[in-house]
Structure formats: structure tokens, C-alpha cells
Amino acid sequence: MAALCESFTLCGLGPSGGVGLGGGLLALEPGPDPDHVLLTDRGRTATLFKVSDQKPLGCWSVKHGQVITCPVVCNFETHEYIAVHDDKVLRIWNNEDINLDKVFKATLSADVYRIHSLPSGGPVVLFKGGAVRTLDVLLEAPQQEIENVITDEVIKWSEALMEGQQPVLIFATEKDGEFFVYVQKLKMNSLHKYKLEQQELSKPLSFTAYIKKQTITLLCLYSNDSVYKVLIPLQQNTEEEEQILSKSLLLNLSVSGSVLKGTSFVVLDKDHIAILGSLAASGEESKECLTIWNTKFQTLQTSKELPLGTSGQLWCYEEKFFFTHGKVLTVIMYKCETSSLAAAVGKLKDSQTFETSAFVNWNTLGDEELVDSFQPQQSAALKSESRMTLRSKRNPVAKAQPDTLSVGQLLLNLKDASTTAFEDELRQLMSKAQMPDFQATIGCVMTALINRCKTNPKYYPQNFLLQIVQTRDLSYSLCPDLMAVALEKKDLHLLQVCLQQFPDIPEEMTYACLKVFLSISDAYLKGIDVNLESVICYIDIEFNNKEVKTEILENGFNAKPKEDMWDTEITQETHLTADGEFCPVGPQKAALLNAVLCSAYSETFLLPHLKNLPAKQAVLFVRYLYYLYVKCSEKINIALPGTCAPTINQVMDWMCLLLDAHFTVMVMLPEAKELLSNLHKFVRAQVRFYSELNKIESSLQELQRLNQQKDCQTYSIEVLELI
């Protein structure tokens, strides 16, 4: 049995996607970690992503005028990255490198078709002429002569496989409508050529292959809506130059009058394959979808419609599908279980059903599509026999029990319900903790609420939205419009909670929140309900005109005198702290800024946004960061007291980012000159202090060693003299 599970967006592909993929996606390859993938665009850029966090870890680009011509891969043995640009120029770098113009470069003597990297076999380079070299052999003499194995043939597909410790490269070529298959065993330096049996009035569109028991199984997706299987034995006793490979029908992509026009496919296990394509019934408009088929029982196991369209490319790693959907790169998790007849026809008693659509968009989905997108996935032949029916539209909140309805049906019926009934039904839906896909359900509920907020500007259930976010089962990717609506409504408390809990907020949204927090006056913030737990321990806050003072233990560090730290004019926005120093912002604004400081981000993608921050706000933010830096440095711990308070590393990282983004402006502004001078003095004082500590470090370590050797009695007095 196979099922599609929850989905999320990994990154955007348009100009505003932030990862340099505006030219479209060339390929997706596994990264150095199972949770990493390496994206190559159709231009100049390669980006490393952490899938679970939906965050870019690194981005590298070749110079303008240069083009990456084959997918960038990772060398799993050295954790280096390998790229080829302009067909012949090889580049190798690691995570620490930034400028590809300064990394290792080798110009080859022939055009490269593709580089394949095997976890235990090392990178293998396939040239457009059909020659194959391991990367190590190629680097010994980059200008070595590369022979042409094929003549007037064009390589259409290639794949590297492992048979035990033996790397095997297989690639398919096309010439005048005929297709050929080459199998190269690298260690034995043997090459076998085969001719693929022709299929009348159809041709192969996509290939995939795997090795089992000394036999390569080559699967071919043909234009006649069928998948064929070809067996190629690795042990060849014949000396024939060219053998004809016969094929057998594996799967016919038609069910209940509908035909799938596949564009690409992947093998999931011995009984399941996934195919991306367009599914159409006679007389109906075709719809792009992702499908999983059972090859053993010839059944369609599950499908998901993709209304925004795809590029036709499909990748699969670590039980996750990757494909473009509209202007984003989408990830869908899946599960495959042992194949049985009961599971294949959807009659397995203990099988669980999964809600496969995480979002509801009533503006783009019709009523039938909405219900179908949330129904448990099953064979297309069985869908026509489904007994699920909609409740009457004239009574949106019928008395039928929600347990008998899918999430899609319930949300559709609530589309025109009253506000009270709408929220009551959603709360009841959320209370079902035993649901198989609770996180996706939470995302559906939040999306339904946000859609109603958009259609009805007067409707904004602040408490309900906050309650859902505080369940900690929501992420930014499950409802991307949530924070945008909260920004529009100036719901600062909700934004604060989202920043504290969502691990996948884009840098553009983080910057938007920071800009809003800095632009709102402290006078306005005094009337706003904000969580102050991150600042209550180091900023005095008045409750009913009574001061709350806190005691924080000192560690003996004597900071610079106050006139060296805060000589700047104190404005009306400064607030007295427990130590008599002044915070440049009020406690509410400080709490909001702390949420930004503690959020996850990538420096590479946040820095361009910070450069757009107005100079006045940038100076104010640096003043606050400087204040936190001083507070962190004079206390025992490297983190401020309180819940969700930033650490000194977070403060320093943000301060460096602000100074990098606005250094020229800071130098030119008169009000920032003294601030930079004081910051310089304080950092210099800290450097001196830690230098003194380093001088006695060895002595303290020696004393510790001596004390461990002595067996002190109940009472003793020792005099230790440091020279």
C-alpha cells in the first residue's frame, strides 16, 4: 500500500524566491547529509537546502556570462561540491568557500554531459561523446585526450549504480529515432552496447534503472502511456557488438477511462512507482497530478492534483518527492508498505488514510475538486463507487457528525457558515487528537481562517489564531499567508509568537517584522498586549505605578564607566533598567525585537533585505543590540535572564549583520558616530580582559590538576601563590 502524506514548500523559484532560481530548476541532487538537497538552476547558481527546516545553508554562483551546464553534485567522500560550467570548466569547492572564481578550477579537453556521485564509489564523469572517467583519474591530467564512444548519437539519460563494490554507469542515446543503451563497468573498463527494441508509433520519454542480483532492470516510460521493463544481465559471455534488448509491458497507465500522460517517473520499491504527468478522461480537460502505481497488481494507489502546473521533473530522496508546482519547489512525503491484494484495492482493514492536501484555496478549487483533494486517496476505479456525499449547501452547518466527514468536506460546508458556527466547527475539528495527520489538519484550519479574513476585512479572530499557533503544530509553510495578514492587521503579539515558534520563516518576512517593530512608537506599544518574559528580568516594568526590581548576580567584571558606554543624548524612548543604565527602547519593543533576534535565518539571504532598513531604524536597532551586548557581558551567563531571551552569539551576529549592511551610513551619520566609538571602546576593553584571563589559564589548569591529586581531609587550609 502506498500513500501521500503532508506537503510543504521548500523554496520559491521566481525572482522573489530568494534562492537564485529565477531561471528555473535544472536538477536536484542529494547533499552531504540525508536532510540536505543540492539545487542547480538553469543559469549560474547552486543552492544547498536543509529540507526539514526549509532553509538554505549555502549559495554559490559563477560569474556573469558563465552558465552551469550540468547538475552540481556532492562528493560524499570529501563533502566537496563539483560543478561544470560552459561545458568544459570544472570547479570544486567546500562549504567554507564563497567566491567560486577563487576555488579549484580545471579546464577539460571535451564537453561534459553529466557528473554522477555515488556514496561509496566516488564521482564519475560522463562526457557527451560517451567516454567515462572517474574524477580522480580526470584530475590527474585534466587535458588528457577523451575518446568518442558514440557517433552522431545524442545522450538522453544516464544513471550511476553500484553492484557490490563495482560502479556501473548506464546511459541511453538516440539517433534517427532509434534508441541505444550503453553499460560501462568502470573497474573492469568494459563497455557493452545494446539496441532498444523499437515500439511502433511510440518512443521512450523517460528512463530509470536499478540493479538486483547481477541484473540491471531498466524501466522506460513510453509515449503510448505505458511503462516497459527491460532486463540487462551484467555478466556477458557474448562478444556481439550490439544486442537487441526485448522489453515487456510492466504497467498500462489507464484506469476507468482516464489515461495518464506521464512525463517523468521514479521507482519507490519493487512493487511501486511514482509518475508525474497529466491525467485526462475522454472529453475532459487534462489535469497535472502526481500518482503512485502498484506494478504488481496494476492499480493506481493514490494521486494528487497539481492545479498550478509543473515542469515535468520529479525527484525522490529519503521518502520525499520533489517537484516544481507553480512558482515553488514542493516536497511531499510518502509511505510505501508491503504490497498485498487487499492494500492494492483499498480493502486493507488496518490501513490508515492520510489527508494529502495541506491547504484549501476556495478561490482556485471548485467544489468537487475541494472535496476530492481531501478525501483519503484510493484507486481511481474505486472513486466512482465512493459513498461520500456532501451535506446540503442550504444548510452549511448541518447536524451530521464531523467524524463521518473528511476535512475537505467539512471546510467546504463551512464556507458560507456564520462566524460563530464556523469557529465552533473548526475548534471541534482541532480537538480530534487521534486524527492520523493532525499537523496537516491544523494547516487546513488555519488556511480556512486566513481565507475568510481575506474575503471579509472586518473578520479577524485574533484569539483563535493565537490559540492555533500556540499548539506548536503549525509552521510557516503550512500557511504562508498567516504572517502577512498579521502584519496587515498590526497583530504584534501573534507575530511575536510566530517568530518564536516557526523554524521556517523566510528572511523577507523576518525583515518585514523587524521594520514594523522598529517603526511603531513606544507610546503606541504601551497599549498592546505583548509577552514580556524575555525582558522582564533586565528592564524595569511598571505595574500600577509600582516598580519591579530584579537582582542579578555580578561576576566581578567591571565594564567601562558609564560615560564611555552611553554618552549619547537620551531621548523620550529610553527606559531605566535595574542597574541604572538606559535601554533605548521600551519593554514592549524590546520583547518584539528579541523575538526577531531568536528567529532562524541565513545571513546570505537576510543581508540584502537589511540594506533596505531606514538609517534611523538601523541606528536604533544597533543601539539596542549594543545595550544587550553590554548586559550579556557583565552577567554570569552568556545569555540574558528570562524566557526566550537572546544569547550573546545571537546579539553579536545581528550586530555584525547591521554594521555590514549600513557601515557607510553609520560612518556618515553624526548621531551614529559616538555610538560606534563607544562600541569600539567596549569591545577593546573586553579583548583586554579576556587576554588577561588567557595569561593565567595554564596556571589555573595546573592548580586544578594538583587539587585532583591531593586527598584532602575534612578540613584543610592551603596558601597558593601565583607568580
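**Close-up views of a predicted model**

**View 1. A salt bridge joins R91 to D101.** R91 is buried, because its relative accessible area is 4%; buried means under 20% relative accessible area, exposed means over 50%, and partly exposed lies in between, with a 1.4 Å probe and protein chains only as cover. The model is predicted: local features need pLDDT of at least 70, side-chain atom pairs count only at pLDDT 80 or more, and totals for chains, interfaces and linings use all residues. Residues are numbered from 1 along each chain as its sequence is written, and side-chain values use heavy atoms, with hydrogens and water left out. The closest N and O atoms of R91 and D101 are 3.7 Å apart; a salt bridge is a side-chain nitrogen of Lys or Arg within 4 Å of a carboxyl oxygen of Asp or Glu. The pair links distant parts of the chain, for R91 lies in strand β8 (residues 89-93) and D101 in the loop between β8 and β9 (104-107), 10 residues apart. Helices (H or I, at least four residues) and strands (E, at least two) are DSSP runs, numbered from the N terminus. D101 counts as partly exposed because its relative accessibility is 39%.

**View 2. K270 and D271 form a salt bridge.** In this pair the closest N and O atoms are 3.0 Å apart. K270 counts as exposed, at 62% relative accessibility, whereas D271 counts as buried, at 9%. Elsewhere, salt bridges that share partners join K63, R91 and D101 into one network. The structure holds 12 salt bridges.

**View 3. A salt bridge connects K195 with E178.** The N to O distance between these side chains is 2.9 Å. K195 belongs to strand β16 (residues 190-196) and E178 to strand β15, so the pair ties together parts that are 17 residues apart in sequence. E178 is partly exposed, with a relative accessible area of 25%. Leaving aside residues up to four places away in sequence, K195 touches E178, F179, F180, E242, Q243, I244 and L245; contact means heavy atoms within 4.5 Å. The C-alpha atoms of K195 and Y182 are separated by 8.8 Å, and these residues are 13 residues apart along the chain.

**View 4. D176 and Q298 have positive phi values.** Most residues other than glycine have a negative phi. Phi of D176 is near 55°, and that of Q298 is about 60°. D176 is found in the loop between β14 (166-175) and β15 (178-185), while Q298 is found in the loop between β25 (287-294) and β26 (299-305). D176 counts as exposed because its relative accessibility is 72%; Q298 is partly exposed, with a relative accessible area of 40%.

**View 5. Helices α10 and α14 are both mostly buried.** Eight of the 10 residues of helix α10 (residues 492-501) are buried, so this helix is largely enclosed by the rest of the structure. The buried residues of α10 are L492, H493, L494, L495, Q496, V497, C498 and L499. Their cover includes α8 (462-469), α9 (481-488), α11 (507-519), α12 (522-525) and α14. Helix α14 (residues 587-597) is itself mostly covered, with 11 of its 11 residues buried. Among them are P587, Q588 and K589.

**View 6. Helices α16 and α17 cross each other.** Two packed helices are described by the angle between their axes and the distance between the axes. The axes of helix α16 (residues 615-633) and helix α17 (residues 648-668) come within 9 Å and cross at roughly 145°; axes are lines fitted to C-alpha atoms over the stretch in contact, and angles run from 0 to 180 degrees between N-to-C directions. The crossing is left-handed, a term used if the near helix is turned anticlockwise from the far one by less than a right angle. The residues of α16 that meet α17 include A615, F621 and Y629, and those of α17 that meet α16 include I648, W654 and M666.

**View 7. Five residues make a nonpolar surface patch.** F689, Y690, L693, I696 and L700 form this patch of about 430 Å². Patches are made of residues with over 30% relative accessible area and no salt bridge; like charges are joined within 9 Å, and nonpolar side chains (Val, Leu, Ile, Met, Phe, Trp, Tyr) within 5 Å. Accessible areas come from the Shrake-Rupley method with a 1.4 Å probe, and for residues only the protein chains shown count as cover. Helix α18 (residues 670-695) gives the most to the patch, with three residues. I696 is found in the loop between α18 and α19 (697-709) and counts as partly exposed, at 35% relative accessibility.
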